[in-house]
2 protein chains.
Amino acid sequence: MDSISLIRTPIEAELRDFKELFDSSLSSSNALLDSVVSHIRQRNGKMMRPILVLLVARLYGAVTPATLHAAVSLELLHTASLVHDDVVDESTERRGQLSVNAVFNNKVSVLAGDYLLATSLVHAEQTNNYEIIRLVSSLGQKLAEGELLQLSNVSNHSFSEEVYFDVIRKKTAALFAACAEAAALSVQVGEEEVAFARLLGEYIGICFQIKDDIFDYFDSKKIGKPTGNDMLEGKLTLPALYALNTTKDAWAEQIAFKVKEGTATPDEIVRLIEFTKDNGGIEPLLPCCTAWHPAAAPPGRGNTRTQCLCRCQRLRRSQKPSNPPADGPAAAALIPHGTPRPFSPASSYLFYLLDDNFLGVFL
Amino acid sequence: MDSISLIRTPIEAELRDFKELFDSSLSSSNALLDSVVSHIRQRNGKMMRPILVLLVARLYGAVTPATLHAAVSLELLHTASLVHDDVVDESTERRGQLSVNAVFNNKVSVLAGDYLLATSLVHAEQTNNYEIIRLVSSLGQKLAEGELLQLSNVSNHSFSEEVYFDVIRKKTAALFAACAEAAALSVQVGEEEVAFARLLGEYIGICFQIKDDIFDYFDSKKIGKPTGNDMLEGKLTLPALYALNTTKDAWAEQIAFKVKEGTATPDEIVRLIEFTKDNGGIEPLLPCCTAWHPAAAPPGRGNTRTQCLCRCQRLRRSQKPSNPPADGPAAAALIPHGTPRPFSPASSYLFYLLDDNFLGVFL
C-alpha cells in the first residue's frame with residue numbers, strides 16, 4: 001500500500017463525500033467559469049488539506065456535515081489563493097500542468113479566483129457555526145497578508161529567518177492550522193482540544209512548507225517545478241538564509257542581493273544553490289519534521305533525534321510560537337497540553353502527516 | 001443644501017458610525033497593505049451603498065450594530081471588486097484618481113483586493129445573522145460571474161439587450177439589492193418587507209448603471225473617466241445596443257463588431273457615439289429612472305411620464321424580473337406588494353435615490 005493510501009485508510013468513505021460536495025459546489029451556468037473549473041479539476045491534487053480536516057475530525061469523533069462543508073470551504077480558499085498566486089508570481093505551470101493564467105489569462109484568473117473565494121464562504125456559512133465562519137474569513141485576510149509580506153520582502157535587503165517564518169506561518173501554516181481547528185470545531189469538542197488541533201495543524205504546515213522549499217533546491221520532474229524557481233521569483237528560503245547567516249560569505253551575499261533584486265543570472269542561481277548545499281543549508285533541515293513529534297515517531301524513525309532536536313530548538317526560537325511549549329523533557333515539550341490521551345485510532349495516521357517520509361508524498 | 005446632503009439628512013449620525021467602523025476595519029500591521037488602503041481612502045467616495053443600507057434600515061426601524069457591520073461588509077466587497085475590476089479592465093484611473101494597479105501594480109492589486117474581500121466576510125460574520133452572511137457570500141459569487149459574463153460577452157458577436165441586462169443585474173444591481181436586503185434583515189422585519197427592500201435595491205441599481213453607462217457617451221471631467229471608455233474596453237452598453245437594434249444600420253454594425261474585437265479606432269468610436277445619439281439611443285433613456293417610481297416622484301418631476309412608461313415597459317420586459325409586477329395602474333405596478341404603508345419619514349429620502357436628478361449626483 002502506498003503512503004497516501006495508508007494515510008487515507010480511516011477516512012475513505014468521508015473523502016468520497018468530500019469529493020462529491022466539492023464537485024457540486026463548483027457547478028455554474030457560466031461557460032467560461034466552467035472551463036476554468038474543469039481545468040483546475042484536472043490537477044487531481046493529493047488533497048492533503050481535506051485529509052487533515054477529516055483525520056482531525058475522526059481523531060475526536062465522527063465527521064459531520066459541518067466537517068465536510070469546512071473541508072470544502074478551506075480547499076476552495078486554498079484553490080482560490082493558488083489561482084491568484086500564479087497571477088502574482090507570473091507562473092505558467094502548477095504541478096506539471098499549465099496554470100489558469102497561462103491557459104486563459106490574468107483577467108480570467110483574477111475573476112475565477114474571486115468566484116472560488118466567494119464560494120469558499122458560501123460553504124463556511126453552511127457549517128452553521130460562527131466560529132468556523134470567523135476562522136475562514138480571517139484566514140482569507142492572513143493568506144493575502146502573507147503574500148503581500150512576501151512581496152515586500154522580495155525588495156527588502158535583509159536575510160531574516162524571522163521574516164521567513166512569519167511569511168510561511170501566514171502563507172502556509174495558517175491554512176493547515178485552520179483546517180485542523182475547523183475540524184475540531186465541527187465535532188464540538190472543548191477549548192483545549194481545539195487549541196491542540198490548531199497547534200498540530202500549524203506544525204504540520206511549517207514542516208510542509210520547509211520541505212516544499214527544500215525541494216526547490218533539487219531537480220525533480222515529479223514536483224512539476226523547475227529547480228531554483230523560488231530564487232527566480234526573488235525569494236530566498238530557509239536553506240539559503242541559513243547558509244548566508246552562518247557563513248556571512250561576501251560572494252554569496254552579493255548574489256543573494258541580486259536574487260532579491262531579480263537581476264541574478266540562471267548560472268548565479270545554480271551556484272548559490274550549490275553554495276547553500278555545501279554550507280549545511282539543507283542536510284540538517286531534512287529530519288526536522290520528525291523532530292516535531294519524536295514521541296509519536298514510528299519505531300525505526302527519528303534515530304537522529306539529537307541532531308533533530310537541535311534544529312528543532314532553532315526552528316522554535318525563530319518562529320516564536322504565541323503559546324511556547326513549557327521546558328522539560330523534549331517529547332513533553334513538543335506535544336502541548338490538551339493532547340487527548342489516549343489517542344483514538346485516527347491519531348497515528350494523523351501523525352504520519354508530520355512524518356518526514358510521509359509528508360514528502362504530498363509535495 | 002446640495003442633493004447628497006439632503007439625502008443624508010435622516011442618517012447623519014449613523015453615517016459617522018459607519019465611517020468609524022469602516023476605517024477601523026482596515027487597520028493592518030502590513031506596511032504595503034496600509035499604503036494601498038490609504039490610497040483607496042483618498043478617493044472619498046459618495047457612499048451611495050452605505051447610504052442605501054442606512055436609509056432602508058431607517059425605513060423599517062433603527063440602525064443596529066448588525067446594520068453597520070452589513071454596510072461595512074458590502075462597501076468592502078464593492079471596494080474589493082473595484083480594485084480587481086481595474087486589473088481586469090487595465091484601467092489606470094478611477095474617478096479622476098490613479099487606480100491601485102497604476103500606483104502599485106497588478107500583483108499588489110490582486111492581493112489587496114483579496115484582503116478587502118476577506119475583510120468583507122469578517123464583517124458579515126459580525127452581524128451574527130446567517131442570512132446576511134449567506135447574502136454577502138453569494139453576492140461575491142454573482143459579482144465575479146457578472147464580470148466573467150461581461151468578459152465572454154466582449155468576444156461574442158451579438159448585440160443582445162438581454163445579455164446587457166443580465167450583466168448589469170449581476171454586476172451592479174445585485175450589490176444594491178443586497179444592500180437593501182441586508183439592511184432589512186438587520187432590523188428583523190418580515191419576509192414581505194425584505195422582498196420589497198431587495199426589489200427596490202435592484203431597481204435603484206439598474207437605473208444607476210444605465211445612467212452610469214449613459215455618462216460614458218458624454219465628455220465630463222467630473223466623472224473622471226474619458227468619453228467612450230466602455231467602447232475602448234470592447235463594451236457596448238444600452239444606448240448603442242438600442243440604436244443598433246432599432247436601425248439595423250450596416251455601417252454602425254460593422255463598427256460595433258470592431259469595438260467588440262478591440263480593433264475600432266478612436267475616431268470610429270467617436271462616430272459610433274454620435275450615431276447612437278442621433279438615433280435615439282440616449283434621449284429616451286434619460287428619464288427612465290423616474291419612471292420606476294412615478295407615484296413617489298416629487299411634484300414637478302416626471303412630467304414626461306407617458307414617454308417614461310413606454311421605456312420603462314421595455315426595460316421591464318428586457319430584464320424579466322423574477323417577481324413581475326401585476327398589471328394595473330402604472331403606479332401600483334411599480335410599487336410591489338409588501339410596500340410598507342404609510343412610509344416612515346426616511347422613505348421619501350430613500351426614493352430620492354431612484355430619482356433621475358438625485359441619482360446623477362452619485363455618478
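Predicted model: local features only at pLDDT ≥ 70, side-chain atom pairs only at ≥ 80, totals over all residues.
Chain A holds 19 helices and two strands. Of its 363 residues, 60% are buried. Among contacts in chain A between residues at least 6 apart in sequence, 76% join residues at least 24 apart.

The two chains were then compared.

One helix pair in chain A was examined in detail. Helix α2 of chain A spans residues 12-25, and helix α5 of chain A spans residues 65-88. Their axes come within 9 Å and cross at roughly 55°. That angle makes α2(A) oblique to α5(A). The crossing of α2(A) past α5(A) is right-handed. On the α2(A) side, the contact is formed by A:Glu14, A:Asp17, A:Phe18, A:Leu21, A:Phe22 and A:Ser25. These meet A:Leu68, A:His69, A:Ala71, A:Val72, A:Glu75, A:Leu76 and A:Thr79 in α5(A). By class, the contact of α2(A) with α5(A) has seven nonpolar, three polar and three charged residues. A general point about helices bears on such lists. An α-helix has 3.6 residues a turn, so residues three or four places apart point the same way.

A further helix of chain A, α12, covers residues 238-247. Seven of its 10 residues are buried, so α12(A) is largely enclosed by the rest of the structure. The buried residues are A:Leu238, A:Pro239, A:Ala240, A:Leu241, A:Tyr242, A:Ala243 and A:Leu244. After α12(A) comes A:Lys248, which has a positive phi, near 55°.

In chain B, one buried position was also considered. B:Ile204 lies in helix α10 of chain B, which runs over residues 191-215. The relative accessible area of B:Ile204 is 0%, so this residue is buried. B:Ile204 and B:Ile269 are 65 residues apart in sequence. In space, their C-alpha atoms are 29 Å apart.

Note on methods: Residues numbered from 1 in each chain as written. Chains lettered and ligands numbered in written order. Heavy atoms only, no water. Axes fitted to C-alpha atoms, helices over the stretch in contact; angles between N-to-C directions. Helix = DSSP H or I, 4+ residues; strand = E, 2+ residues; numbered from the N terminus. Parallel < 35°, antiparallel > 145°, perpendicular 65-115°, else oblique. Left-handed = near helix turned anticlockwise from the far one by under 90°. Contact = heavy atoms within 4.5 Å. Nonpolar A, V, L, I, M, F, W, Y, C, P; charged D, E, K, R; others polar. Buried < 20%, exposed > 50% of the residue type's maximum accessible area, 1.4 Å probe, protein only.
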